[in-house]
Amino acid sequence: MNKKTISKTSLFFSGLISRMEENRDFFTDITIDFKSGTKSFPAKILLGDSITLDYQAVKRTVERNGLWNIIAEEMQKYDSARIIYSERGARIVIEADDKRVNMRHEDVMAEVNKTSVVQTGREYVVNPALAKDLLTEIGILAKNGKIKNDKIRKYNQIDYFVELMQGVLKEIGDRDEYVIFDAACGKSYLSFVMNFYMREILKKKCRFIGVDYSETVIEASKRMAKNLGYNNMEFIKADLTEYTPNVRPDIVVSLHACDTATDMALALGIRAKSRAIISVPCCHKDILKQYSYEPFERLRVTEF
């Protein structure tokens, strides 16, 4: 490619790099496809603690200011290049050759809507096509991209819960960072889906703290957060009756916390002066075993 093409591409590319740094929480990658005739030579740019360029089977750390020089040098060797910038919910494509340089924004949501999954007559807030990685990681989506039969009820619960959150967030109003506390978080389905919705759909800065007394579920939640790259989530093994967060939460949530854990979650929300508490209670099987009332015996649930 000639110098004029490379120079024009440089202007577009510098805008992508600025956007990458500004939206690092939502950024996925930049892929580049250099073409010479029918042959393609792919490259990928990733952002972690530093910028990494993966090209010709070699990964190397590069400085921001030196990145374009490397790309420009390679462009001179090829007939054309296709640069795709991807972040969650958005995609920008630059196509360059010696005839033209074109940049366009692609409608990711339109593609998502074409593949949306609608069950029980309602459209979901957390669309499985857009949240594929998340829903697969937490075990709700099968490898074929469909919701597992035994997880449909759980998915309906957490998606409806997120839908209810919309009004709560509106009432709380804009904040620099939302702090959400998940009391008796268990496998943290709710926190992961809410985090996806707030970060990647609403693009709001947020922090999630999950607490449960089970070390097994806490460790599992930590692994899933790491796999998903959700570094704004932390999980703590603690007893709700004794734990108070060191930061005032905007919202305390609790979904089906068993026995008296729901009561503990409500007490924690009050103790921590949470701006809102959202709770769906569960059974109180231990308490139910401690009393009897003859008129209600037929209503008593004896197996859990």
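How many residues of strand S8 (residues 178–183) are buried? Six of its six residues are, leaving the strand mostly covered. The model discussed here is predicted.

1. S8 is covered on both sides. Tyr178, Ile180 and Asp182 lie on one side, and Val179, Phe181 and Ala183 lie on the other. Each of these residues is buried.

2. **The S9 side.** S8 and strand S9 (residues 206–212) run parallel and are joined by six bridges. Alanine 183 has valine 211 of S9 as its bridge partner. Between the two strands the chain passes through helix H6 (residues 189–201). This β-α-β crossover is right-handed.

3. **The S11 side.** Strand S11 (residues 251–255) also runs parallel to S8, with three bridges between them. Isoleucine 180 is the bridge partner of isoleucine 251 in S11. Phenylalanine 181 stands opposite valine 252 in S11.

4. **The sheet as a whole.** Five strands make up an open sheet with parallel pairing. Their order is S10-S9-S8-S11-S12. Strand S10 (233–237) and strand S12 (276–280) are the edges, each pairing on one side only. On average, neighbouring strands are turned by 15° against each other, direction ignored.

5. **Helices on the sheet.** H5 packs on the sheet and touches S8, S11 and S12. The direction of H5 makes about 165° with that of S11. Helix H7 (residues 215–228) packs on the sheet too, touching S9 and S10. Its direction makes about 165° with that of S10.

6. **Helix H2.** Elsewhere in the chain, helix H2 (residues 64–75) has 12 residues. From first C-alpha to last it reaches 18 Å, close to the 16 Å expected at 1.5 Å a residue. Its buried residues are Leu67, Trp68, Ile70, Ile71, Ala72, Glu74 and Met75. An α-helix has 3.6 residues a turn, so residues three or four places apart point the same way.

7. Which residue forms a salt bridge with glutamate 74? The partner is lysine 77, with the closest N and O atoms 3.1 Å apart. Glutamate 74 counts as buried because its relative accessible area is 11%, under the 20% limit. Lysine 77 is exposed because its relative accessibility is 52%, over the 50% limit.

8. **A link across the chain.** The whole structure holds 12 salt bridges. One of them joins the side chains of glutamate 87 and arginine 19, at 3.0 Å from N to O. This pair links distant parts of the chain, 68 residues apart. Glutamate 87 sits in strand S5 (residues 80–87) and arginine 19 in helix H1 (residues 3–22). Glutamate 87 is buried at 5% relative accessibility, whereas arginine 19 is partly exposed at 25%.

9. **A link between loops.** Lysine 204 and aspartate 174 meet in a salt bridge through their side chains, at 3.6 Å from N to O. Lysine 204 lies in the loop between H6 and S9, and aspartate 174 in the loop between helix H5 (152–172) and S8, so the pair ties together parts 30 residues apart in sequence. Lysine 204 is partly exposed, with a relative accessible area of 23%. Aspartate 174 is exposed, at 72%.

10. Salt bridges with shared partners join Arg19, Glu87 and Lys203 into one network.

Key
Residues are numbered from 1 along each chain as its sequence is written. This is a predicted model: local features need pLDDT of at least 70, side-chain atom pairs count only at pLDDT 80 or more; totals for chains, interfaces and linings use all residues. Side-chain values use heavy atoms; hydrogens and water are left out. Buried means under 20% relative accessible area, exposed over 50%, partly exposed in between (1.4 Å probe, protein chains only). Helices (H or I, at least four residues) and strands (E, at least two) are DSSP runs, numbered from the N terminus. Two strands pair if DSSP finds at least two bridges between them. A crossover is right-handed if, with the strands pointing away from the viewer, the path from the first strand over the helix to the second runs clockwise. The expected span of a helix is 1.5 Å times one less than its number of residues. A salt bridge is a side-chain nitrogen of Lys or Arg within 4 Å of a carboxyl oxygen of Asp or Glu. Axes are lines fitted to C-alpha atoms, for helices over the stretch in contact, and angles run from 0 to 180 degrees between N-to-C directions. Contact means heavy atoms within 4.5 Å.
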